[in-house]
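I opened a new notebook page for this structure.

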Amino acid sequence: MNSTYALKNPCHPGAFVRRNIVEPRNLTVMAAAALIGVTRQALSDLLNEKTSLSAEMALRLEKAFGFKMESTMEMQKQFDIAKVRKRELARQSQIKVQAKAQERGRLRAFG
C-alpha cells in the first residue's frame, strides 16, 4: 500500500517566494522580476496567488535564487491537490444538505 502525506492547507508557492526570496532580500517586485527575466505583472500575479507557478517560472527562480525547481513545483502540486479536495468536500457537503432538505420535504408531504 502506497501512503503519502497530504497537507490540508499547503502554502501557495507565490507566498513562499514572497516570504523567502523577495522580502528577505528587500527586493521590489520590479527588481525581482528583472532578476528572473519576467514582467513585473507576471511575478506580482504569482506573489499575490493569482496564478499558479509554472515550470518555466520555477526554473527561473532556481537559476536566480537557488531554490530547487522540483521543490517549488511540488509545492504547487500540493496546493492544487488541496484546493481540488476542498472544493470536492464542499460539493459533497452541499449534496448532503440538499438530500436532507428533499427528504424533509417528502416527509412533510406524507406526514
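**Entry 1: a term I need.** I call a residue exposed when its relative accessible area is over 50%, and buried when it is under 20%. The model I am looking at is predicted.

**Entry 2: helix H2, both sides.** I used those cut-offs on H2. The exposed residues Met30, Ala34 and Leu35 sit on the face of H2 turned away from its buried side. I then listed the buried residues of H2 and found Ala32, Ala33 and Ile36. How wide is the arc they fall within, seen down the axis of H2? I read 100 degrees, so the buried residues line one face of the helix. Next I asked which helices the buried residues of H2 pack against. They pack against H1, H3 and H4. Just after H2 I checked Gly37, which takes a positive phi of about 75 degrees.

**Entry 3: the whole chain.** I counted five helices and zero strands. Along the sequence the pattern reads α-α-α-α-α. I looked up the radius of gyration. The chain has 21 Å, while a compact globule of 111 residues would have one near 13 Å. The C-alpha atoms fill a box of roughly 70 × 40 × 20 Å along the principal axes. I found that buried residues make up 24% of the 111 residues. The chain exposes about 8100 Å², and carbon and sulfur atoms supply 55% of that area. I also looked at contacts with a separation of 6 or more. Residues 24 or more positions apart account for 54% of them.

**Entry 4: the core.** I looked for the largest nonpolar core and found 16 residues in it. Among those with the most contacts inside it are Val17, Ile36, Leu53 and Leu61. Which helices each supply at least two residues of this core? I wrote down H1 (13–22), H2 (29–36), H3 (40–47) and H4 (55–65). I took Val17 as one case. Leaving aside neighbours within four places in sequence, Val17 is in contact with Val22, Leu47 and Leu61.

**Entry 5: aromatic rings.** How many aromatic pairs does a search of the whole structure find? I found one. The ring centres of Phe16 and Phe67 are 5.3 Å apart and their planes stand at 90 degrees, so I logged the pair as edge-to-face. The partners are 51 residues apart, and the pair links distant parts of the chain. Phe16 is in H1, and Phe67 is in the loop between H4 and H5 (69–110). I checked burial for both. Phe16 counts as buried, at 18% relative accessibility. Phe67 is partly exposed, with a relative accessible area of 26%.

Entry 6: I picked Thr72, which lies in H5. Is Thr72 buried or exposed? I read 3% relative accessibility, so Thr72 counts as buried. Not counting residues up to four places away in sequence, Thr72 touches Pro13, Phe16, Leu53 and Ala58. I then went to Lys96, also found in H5. Lys96 counts as exposed, at 56% relative accessibility.

How values were computed
Residues are numbered from 1 along each chain as its sequence is written. This is a predicted model: local features need pLDDT of at least 70, side-chain atom pairs count only at pLDDT 80 or more; totals for chains, interfaces and linings use all residues. Side-chain values use heavy atoms; hydrogens and water are left out. A nonpolar core is a set of buried Ala, Val, Leu, Ile, Met, Phe, Trp, Tyr and Cys residues joined through side-chain atoms within 4.5 Å. Buried means under 20% relative accessible area, exposed over 50%, partly exposed in between (1.4 Å probe, protein chains only). Helices (H or I, at least four residues) and strands (E, at least two) are DSSP runs, numbered from the N terminus. Contact means heavy atoms within 4.5 Å. Rings of Phe, Tyr and Trp (its six-membered ring) pair if their centres lie within 6.5 Å; planes under 30 degrees apart count as stacked, over 60 as edge-to-face and the rest as tilted. The arc is that of the directions from the helix axis to the C-beta atoms. The radius of gyration is taken over C-alpha atoms; the globule rule is 2.2 Å times the number of residues to the power 0.38. Accessible areas come from the Shrake-Rupley method with a 1.4 Å probe; for residues, only the protein chains shown count as cover.
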